[in-house]
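Subject: Handover of a structure and its findings

Dear colleague,

I am handing over the structure below for your reference.

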Amino acid sequence: MNKTIQRPGDTIFRGTAVAAATTILVTLAAVGIFLTIKGIPGMTASPEEVKHGTTFLAYVAPLVFGTLWAAALALAIATPVAIGVALFISHYAPRKLAGPVGYVIDLLAAVPSVVFGAWGIMTLAPAMRGPYAWLEDNLGFIPFFAGPASATGRTMLTAALVLAVMVIPIMTALCREIFLQTPRLHEEAALALGATRWEMVRMAVFPHAKSGIVSAAMLALGRALGETMAVAMVLSASGVVTFNLISSTNPSTIAANIALSFKEASGLSVNALIATGLVLFVITFAVNFVARLIVTGPNRAKAAKS
Amino acid sequence: MTTTLERPQKDQPTSDRPFKQSKRIPAGSVWVVWTLAGLALVTGFVTDLGGAKGFGLAWLIAASIPAMSFAVEGRRKATDRFVTLLVVTAFTVAVIPLVSIISTVFAKGFPVMSSEFFTSSMRNVVGEGGGINHAIVGTLIITGLATIISVPIGLFAAIYLVESSEDSRTAHGLRFLVDVMTGIPSIVAGLFAYALFVLFFGEGVRMGLGGAVALSVLMIPVVIRSSEEMLKLVPNELREASWALGVPRWRTILKVVLPTALAGIATGVTLAIARVIGETAPLLIIAGITDSVNTNPLEGRMATLPVFAYSAMMNPGVPPEPSIARAWGAALTLLIIVMALNLIARLISAFFSPAKGR
């Protein structure tokens, strides 16, 4: 092997490929570094110097709460539905229907977020006013529905619903892929032993897909955490911390707050916004990291490679 | 080879089979109930009964299947049928908002569409009239630049991952970084582009090129992922045959591997474009919005379709109706572009890909 000829073409080509790979590394490092450099002045700024008039911690805490709360709600709504739809496509629907339906779901994953936002504010929010009033009247003793019900429908629950509708196609696509990978023999063995279709799904499909479902949910969570426009358009926000789902005072999310405040911000306020962006980056990074760890955990790393 | 099969005893009556046929609901009646439920659902949405009541009625009708099954077939079968009902319910619940979104956008966006809408900008327009020409131009320029930046970097990085060092630790690390990059929220990409460009152009910079950089941060990992998958599908025999003929590695990649994977890569790139063309948040931050056509990505604010739709809807001015109508028009245009790109991607992979294999 030591007689391998080194051709200049190879060297150049390899150099280009390495350069491209390095660019990724540099870009990612740059994202972290630039956000940190520009964010630190915002973090250390005194309350008098910035528009929001508080320390950074007091500023970002309600936003972090809102981000996590909205994403968690969206995930709680989306997960059962997405698993159901994925099962429908992979195991329940007639074959002829499953293909086109899967394609349409894929297509919906590509619908721009601004379209979801427009739909949320113009169609969903007005439609939810009635149900919110009903929830306040009948279930008002639960803190989530304490009210007073919003007159515009632009509440936390509406935002979470829009987020859920957005992540359902993504989660469905991932779950469907995993369900379809269930070993055929396991399914047939279960059916041959007399299991009904549901028992087959419970005994063969779910155990196989468990880690896949969790990672799909985590990826969807990452998506919901970082989603900007839908929340910015739908939610009528004020910087409060509340679990109330149907009132007109809601916590904002980090991403939506940046989108809404950036235009008017100047000086150190911009730095503070960039610092909140850094916080969001760290949160999504952690979520994605955990998701990847679940997919390619120590016992699965070898299986995933082959 | 000489063994003879025992003849089945024909004189045995069939009723003596060891298994007893369990009782079943006739399949026909199940389909009748499903059809009735479907009709109730459609009636709810078409007539003034209301979607919610129609949905409830449909669900009650469909719930009779597990109830009947429990009476006739027993608990296990009834559970199975109940889960089927739940799965179908989940599907319906998911489809209703999605249908509502598409129909709303078409219903509200279509009336605005006219030749004037596509050929004029918003310059000096107050109230009625005006169009999205400037936004379309901006979207094309920014997305085009992002594609020009992302495709070479993404493609070469994918080649590095697949061709140079499949199992090495650097490749493993790079894959991890690409995963991390996939998870960057779009608004953070916008902030990054802003923080970068502020260094060169000072506070409050707004620039089309910055938008392209932000979109590239989002687009590169998508391109790498899809290209990598496609390059992996190229059979190793092709590479080995080429090397055996004495063809250098780089020519093998250029003349054998890339042409084989080209259709798949083109599909992936098209889907990546479709994904970033609808991004609003980063462009809102770094490219901003303006009323006139701006063809220079290095100078000043640049309108794009998603940002136009957003600002026309959220800051409609007085009177608000024409502006909101234009926002729906822009949203519909964007939706059609995204759907068309997805369709193109499908067509590329259907017509040009070699035989499928997994």
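This is a predicted model: local features need pLDDT of at least 70, side-chain atom pairs count only at pLDDT 80 or more; totals for chains, interfaces and linings use all residues.

Are Glu228(B) and Arg175(B) buried or exposed? Both residues are buried, where buried means under 20% relative accessible area, exposed means over 50%, and partly exposed lies in between (1.4 Å probe, protein chains only).

Residues are numbered from 1 along each chain as its sequence is written, chains are lettered from A and ligands numbered from 1 in the order in which they are written, and side-chain values use heavy atoms, with hydrogens and water left out.

The chains

Chain A has eleven helices and zero strands, with helices (H or I, at least four residues) and strands (E, at least two) taken as DSSP runs numbered from the N terminus. Its C-alpha trace spans about 70 × 65 × 30 Å along the principal axes. Of the 306 residues of chain A, 55% count as buried. Chain B comes to 14 helices and zero strands, and buried residues make up 49% of its 358 residues.

In helix 13 (residues 305-314) of chain B lies Tyr310(B), which counts as buried because its relative accessibility is 7%. The C-alpha atoms of Tyr310(B) and Leu341(B) are separated by 22 Å, the two residues being 31 apart along the chain.

Salt bridges

Over all chains, the search finds eight salt bridges, each defined as a side-chain nitrogen of Lys or Arg within 4 Å of a carboxyl oxygen of Asp or Glu. One of them joins the side chains of Arg76(B) and Glu199(A) at 2.8 Å, N to O. This pair crosses between chains, from helix 4 of chain B to helix 7 (residues 197-226) of chain A. Arg76(B) is partly exposed, at 40% relative accessibility, whereas Glu199(A) is buried, with a relative accessible area of 14%.

The buried pair named at the outset, Glu228(B) and Arg175(B), also meets in a salt bridge, at 2.7 Å, N to O. The bridge links distant parts of the chain, with Glu228(B) in helix 9 (residues 208-233) of chain B and Arg175(B) in helix 7 of chain B, 53 residues apart. Glu228(B) forms a salt bridge with Lys232(B) as well, the closest N and O atoms being 3.6 Å apart. Because they are four residues apart in helix 9 of chain B, Glu228(B) and Lys232(B) are separated by about one helical turn. Glu228(B) has 1% relative accessibility and so counts as buried, while Lys232(B) is partly exposed at 41%. Elsewhere, salt bridges that share partners join Asp106(A), Arg176(A) and Glu177(A) into one network.

Surface patch and cavity

Phe285(A), Phe289(A), Leu293(A) and Phe176(B) form a nonpolar patch on the surface, with about 350 Å² of accessible area together. Patches are made of residues with over 30% relative accessible area and no salt bridge, like charges being joined within 9 Å and nonpolar side chains (Val, Leu, Ile, Met, Phe, Trp, Tyr) within 5 Å; the areas come from the Shrake-Rupley method with a 1.4 Å probe, and for residues only the protein chains shown count as cover. Helix 10 (residues 268-295) of chain A gives the most to this patch, with three residues. Phe289(A), found in that helix, is partly exposed at 35% relative accessibility.

The search of the whole structure finds three cavities of 30 Å³ or more. On a 1 Å grid over the protein atoms alone, a cavity is a set of points where a 1.4 Å probe fits but cannot get out, and a pocket is an open set with protein on both sides within 12 Å along at least five of seven lines; lining residues have an atom within 4 Å of a point. Grid points are joined across faces, edges and corners, and a volume is the space filled by probe spheres set on the points. The largest cavity holds about 40 Å³ of space, and its lining includes Phe285(A), Phe289(A) and Phe176(B). Helix 10 of chain A supplies the largest share of that lining, four residues.

Second largest pocket

This pocket has a volume of about 1100 Å³. Of its 39 lining residues, the closest to the centre are Phe88(A), Trp31(B), Trp34(B), Thr84(B) and Val88(B). Helix 4 of chain B gives the most to the lining, with twelve residues.

With kind regards
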